[in-house]
Amino acid sequence: MAGASGKTPAPAMRCRQYEAEIKLTQWPIIYSSEYNIGFCGLEKLHPFDAGKWGRIFNFLKDAGMLRDDTIIEPMEASETELLLVHTKRYISSLRLTNIVEGINEWSMNVAGITEVPPVALLPNFVVQKKVLRPFRFQTSGTIMAGRLALDRGWAINIGGGFHHCSAERGGGFCAYADITLAIKFAFEKVESVAKVMIIDLDAHQGNGHERDFMNDQRVYILDVYNRGIYPHDGFAKRAIKRKVELGHFTDDETYLTLIRRHVDGALNEFEPDLVVYNAGTDILEGDPLGNLSITAQGVIERDQIVFQKCRTRGIPIFMVTSGGYQRETARIVADSILNLKNLGLISWTEAENAPLIEAPASGIEK
């Protein structure tokens with residue numbers, strides 16, 4: 001039907017994450033083995049733990065919380081879905097970059113984004129499979145987490161949180177703007193979503209989503225970060241509605257006091273229909289990039305505060321795991337999720353009581 005302007009409105013964009021069938025016996029927790037990155041050992045040249053996501057999942061399995069059949073596995077985000085936010089120019093830049101006229105098979109832009117220079121020397125088809133494909137799976141997981149939070153009140157993507165990537169550029173180990181995509185799809189697919197809050201507690205400023213929502217009054221950004229580290233994006237800071245800049249080596253007492261005050265303040269100031277929680281663990285003491293001094297218990301308490309503030313107000317919330325550059329961060333993320341479960345801040349009875357699926361008989365008589 002034509003609108004008042006006489007023009008037929010464009011059909012709504014399809015989003016497979018909103019169309020996928022989710023079983024009641026599945027937790028609103030998203031993970032795939034495709035998340036993990038490995039390419040000829042080059043991933044070791046960046047301090048990011050490229051297998052962190054798999055180890056978080058395994059810790060939660062060992063604790064008896066999750067099973068392979070009670071988590072939700074996302075599909076790979078399609079180019080059509082990515083183009084809801086990203087420009088074609090940017091997507092093309094991840095594929096091929098001419099470094100010599102007539103030779104366009106290398107991966108210069110991806111090398112810059114991942115901060116691993118030798119990636120520039122790898123053929124792009126290798127980079128697509130070993131680096132960008134895992135990022136696309138995690139991005140899909142974040143979009144799906146938005147849907148699940150709105151359906152079930154909460155969700156966790158054991159991955160994602162690429163908060164340095166915006167529509168037109170990546171950086172800081174972030175190739176796709178998963179947070180922006182999740183929010184844009186929520187606005188498009190769910191009529192009741194009119195306002196969204198981003199609570200970004202990674203140690204680094206979330207300049208990617210800030211650039212994307214610079215002039216969008218539907219999105220409120222609370223960002224708590226170390227002012228002395230990457231990315232120093234003064235332009236992006238203009239989008240932050242509540243900015244909390246930390247100094248090097250901020251400790252638990254100071255940090256958690258600020259978190260309580262400002263999460264409460266933000267939620268009192270702006271009543272969102274959905275909260276996106278970017279829960280980076282690079283705030284941990286000893287992190288080589290975060291340069292803060294928060295203990296493991298401080299990280300767990302921080303996550304508890306955010307979930308308590310949102311869940312007691314009945315606000316749907318989903319969490320993405322974002323940065324964290326030490327081997328022990330996987331254990332801490334898993335412990336934090338278990339703490340949320342033990343406190344009743346996250347639960348899903350149907351998944352907890354899901355019957356074990358017996359392996360099919362081999363058909364061989366003995």
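This is a predicted model: local features need pLDDT of at least 70, side-chain atom pairs count only at pLDDT 80 or more; totals for chains, interfaces and linings use all residues.
**Whole chain**

I started with the fold and counted twelve helices and seven strands. Next I looked up burial: of the 366 residues, 57% count as buried. For contacts, I took pairs with a separation of 6 or more, and residues 24 or more positions apart account for 72% of those. I also noted the surface: the chain exposes about 15900 Å², and carbon and sulfur atoms supply 50% of that area.

**Helix α11**

I picked α11, residues 329-342, and checked its length. At 1.5 Å a residue, its 14 residues should span 20 Å, and the end C-alpha atoms are 20 Å apart, so the two agree.

Is α11 mostly covered or mostly open? I found it mostly covered, with ten of its 14 residues buried. My list of the buried ones runs Thr-329, Ala-330, Ile-332, Val-333, Ala-334, Ser-336, Ile-337, Leu-338, Asn-339 and Leu-340.

Past the helix I came to Gly-344, which follows α11 and has a positive phi, near 75°.

**Largest pocket**

Last, I looked at the largest pocket, which holds about 160 Å³ of space. I sorted its lining into four nonpolar, three polar and five charged residues. I wrote down the lining as Lys-23, Thr-25, Gln-26, Arg-67, Asp-68, Asp-69, Thr-70, Ile-71, Glu-73, Ala-354, Pro-355 and Ile-357.

Terms used:
Residues are numbered from 1 along each chain as its sequence is written. Side-chain values use heavy atoms; hydrogens and water are left out. On a 1 Å grid over the protein atoms alone, a cavity is a set of points where a 1.4 Å probe fits but cannot get out, and a pocket is an open set with protein on both sides within 12 Å along at least five of seven lines; lining residues have an atom within 4 Å of a point. Grid points are joined across faces, edges and corners, and a volume is the space filled by probe spheres set on the points. Ala, Val, Leu, Ile, Met, Phe, Trp, Tyr, Cys and Pro count as nonpolar, Asp, Glu, Lys and Arg as charged, and the others, Gly among them, as polar. Helices (H or I, at least four residues) and strands (E, at least two) are DSSP runs, numbered from the N terminus. The expected span of a helix is 1.5 Å times one less than its number of residues. Buried means under 20% relative accessible area, exposed over 50%, partly exposed in between (1.4 Å probe, protein chains only). Contact means heavy atoms within 4.5 Å. Accessible areas come from the Shrake-Rupley method with a 1.4 Å probe; for residues, only the protein chains shown count as cover.
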